[in-house]
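Here is a friendly walk through one protein model, written for someone who likes to think about side chains and who meets whom. Please have the viewer open as you read.

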Amino acid sequence: IFKRNYGEDLDATEQQTVDEIIRLVNCHTITVELIAKQMEASFLSPEEMLELLRKGGINSGMEEDVERDGQEKSAFDFIKDLFRLSSLCEEEQYILKCMCLVPLSGIHVRKLKQYLALKNLNVVNQLVSKSWLMMEQDTKFVKLHPIICDVVKDQLKPDQISCAQYIRGVWKDLEPAWFMTLEERNEKWPYGDYILQHYGTPTRELYDEYVGFANTAWICSQFDQSIRTGKEIYAFTLKEFGDAGYQPAYAARSVGNAYFNAGRDREADLWFSLALEHILKRPEDSCLELGLCYQKTGRSAYQNGEFDKAKEYLDLSMEYFTAAIQRQEPGATAMYYNDTYVQTARMYIAMGDYRTAIEYAQKSYDLLIREQGEEVTSSAYSLNDMGICHSYLGNFEKAAEYLQRALELNIRFNGKASMITVRTRESIADNLARQGDVAAAKRAYLILELEMEKSFGESCPQVQRLRQKRENLA
């Protein structure tokens, strides 16, 4: 068992030392396996591990009458006796607790230092040297062996409150996910995902972080997780904060965002309306939230053909964003005008006023360049909408140029299968259809329809719409 898990050849002296280690732990098979894996991961020699067992934070003085085969103590009880956490200092115990919130694949030591706001890595290195943490030398990833993780959970009881700094650190790194490339999101999201899956119950102290994680899930194309978690947080919100003001509005709007970006507009509309109801019960809480809720319900209005209501709500959205900036509300910047410009452009597209729509799409694009200094993921919205407008105006080559730029941005930031990217690909097919290239349009619709059906199911509204477009061409 030891040789299979250690993976290194042993000379005669090392073999004798390993024999002594095995006798020291009473030939307990799970413990022998664990020690071998810890030695392999931490590059400890048999002599070093034997010294650690005798002198370190590991309890080698267990009673000799512990039976091995099943018996008075369970295997897990035996492991807990062997790995005694009480000998570790408070900071060592704290790091081990936080490591229980890390995916079993581990975390780079520099990222762990960042998330925990550590001054240095001295204590982490101590835990590696004592074999509590395993480090992969080539990648510099540290991780807990699953059995050690279970021991830490049993004895130290890590939870959201005791590991709040780690959770806040993960969220701070994930907060700008919308502006990250797909590669960056894929690197960082697993840490938020693990927290949601294993420590998913929010607390008042970490409320904004948990709503943020639920929102980020759909940005990372985890729509079902975003909807499920968002609803759980919404129920928690009503219980903890009541049904008036910022918190319930924020929670409801987050669920609406998840539904909308999953292509489920009807459910999204219901949640956006609910969010507006919550904030209007105590509007003094947040002009920023008022602006966001009017923006979302304005979108719902023009999608339902209620253009007067949509214009009223989108205008109110701009007014409340301006008020939020003047009041210096946290997070309130000119960037919030951007999505209202986008929705106003789309309202005019729905009304058939393509030239006015282009003006608002250009405002959105220019604002992003001014504020961000370069094209970002939201820039694809403006480019896509300008492409649609030029297509309707018969400027097919110009439309194709804008839509291709939008597609490249969407693939870079969201991936080919994202619902946001899909909308641009559909617009490209629409442009082909309008200019009379029926064969190319049918092929583009079919490819997109099959991909969407595979990812979202046949009942997805987008799948049905694409099929109808293709059949109408036929």
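What follows covers the model itself, then its sheet, helices, charged pairs and aromatic rings.

## About the model

This is a predicted model, in which local features need pLDDT of at least 70 and side-chain atom pairs count only at pLDDT 80 or more, while totals for chains, interfaces and linings use all residues. Residues are numbered from 1 along each chain as its sequence is written, and side-chain values use heavy atoms, with hydrogens and water left out.

Helices (H or I, at least four residues) and strands (E, at least two) are DSSP runs, numbered from the N terminus.

## A three-stranded sheet

Let's begin with the strands. Three of them make an open sheet in the order β1-β3-β2, with antiparallel pairing; two strands count as paired if DSSP finds at least two bridges between them. At the edges are β1 (107-108) and β2 (134-136), each pairing on one side only.

Between β2 and β3 (residues 141-143), the antiparallel pairing runs over three bridges. Here Glu136 stands opposite Phe141 of β3. In general, strands of a sheet pair through backbone hydrogen bonds, either parallel or antiparallel.

## Helix α7 and its buried side

Which residues of helix α7 (residues 109-116) are buried? They are Val109, Lys111, Leu112, Tyr115 and Leu116, where buried means under 20% relative accessible area, exposed means over 50%, and partly exposed lies in between (1.4 Å probe, protein chains only). These residues cover an arc of only 160° around the axis, which puts them on the same side of α7; the arc is that of the directions from the helix axis to the C-beta atoms.

Just after α7, Ala117 takes a positive phi of about 55°. Tyr115 turns up again in an aromatic cluster, which it forms with Tyr166 and Tyr191.

Ser226 lies in helix α13 and is buried, at a relative accessible area of 2%. What is Ser226 in contact with, leaving aside its neighbours within four places in sequence? The partners are Ala214, Asn215, Ala217, Trp218 and Ala258, with contact meaning heavy atoms within 4.5 Å.

## Salt bridges

Side chains of opposite charge can pair when their charged atoms come close. Searching the whole structure gives 22 salt bridges, each being a side-chain nitrogen of Lys or Arg within 4 Å of a carboxyl oxygen of Asp or Glu. One of them joins Lys281 and Asp243, at 2.8 Å from N to O. This pair links distant parts of the chain, 38 residues apart: Lys281 is in the loop between α15 (265-280) and α16 (287-303), and Asp243 is in the loop between α13 (223-241) and α14 (246-261). Asp243 is partly exposed, at 38% relative accessibility.

Lys311 and Asp315 also meet in a salt bridge, at 3.1 Å from N to O. Both lie in helix α17 (residues 307-326), four residues apart, or about one turn of the helix. Lys311 is partly exposed at 39%, and Asp315 is partly exposed at 37%. Glu329 forms a salt bridge with Arg327, their closest N and O atoms being 3.4 Å apart. Glu329 is buried, at 10% relative accessibility, whereas Arg327 is partly exposed at 47%. Elsewhere, salt bridges that share partners join Glu449, Glu453, Glu458, Arg467 and Arg470 into one network.

## Aromatic rings

The whole structure holds 17 aromatic pairs. Rings of Phe, Tyr and Trp (its six-membered ring) pair if their centres lie within 6.5 Å; planes under 30 degrees apart count as stacked, over 60 as edge-to-face and the rest as tilted. Tyr294 and Tyr313 are an edge-to-face pair, 5.0 Å centre to centre with 70° between the planes. Tyr294 is in helix α16 and Tyr313 is in helix α17, 19 residues apart. Tyr294 is buried at 10% relative accessibility, and Tyr313 is buried at 17%. Phe321 and Tyr337 have ring centres 6.5 Å apart and planes at 70°, so this pair is edge-to-face. Phe321 lies in helix α17 and Tyr337 in helix α18 (residues 335-351), so the pair ties together parts 16 residues apart in sequence. Both Phe321 and Tyr337 are buried.

Charges meet rings too. The charged end of Lys363 sits over the ring of Tyr360, 4.7 Å from its centre; the criterion is NZ of Lys or CZ of Arg within 6 Å of the ring centre and within 35 degrees of the ring normal. The charged end of Arg434 sits over the ring of Tyr392, at 3.8 Å from its centre.
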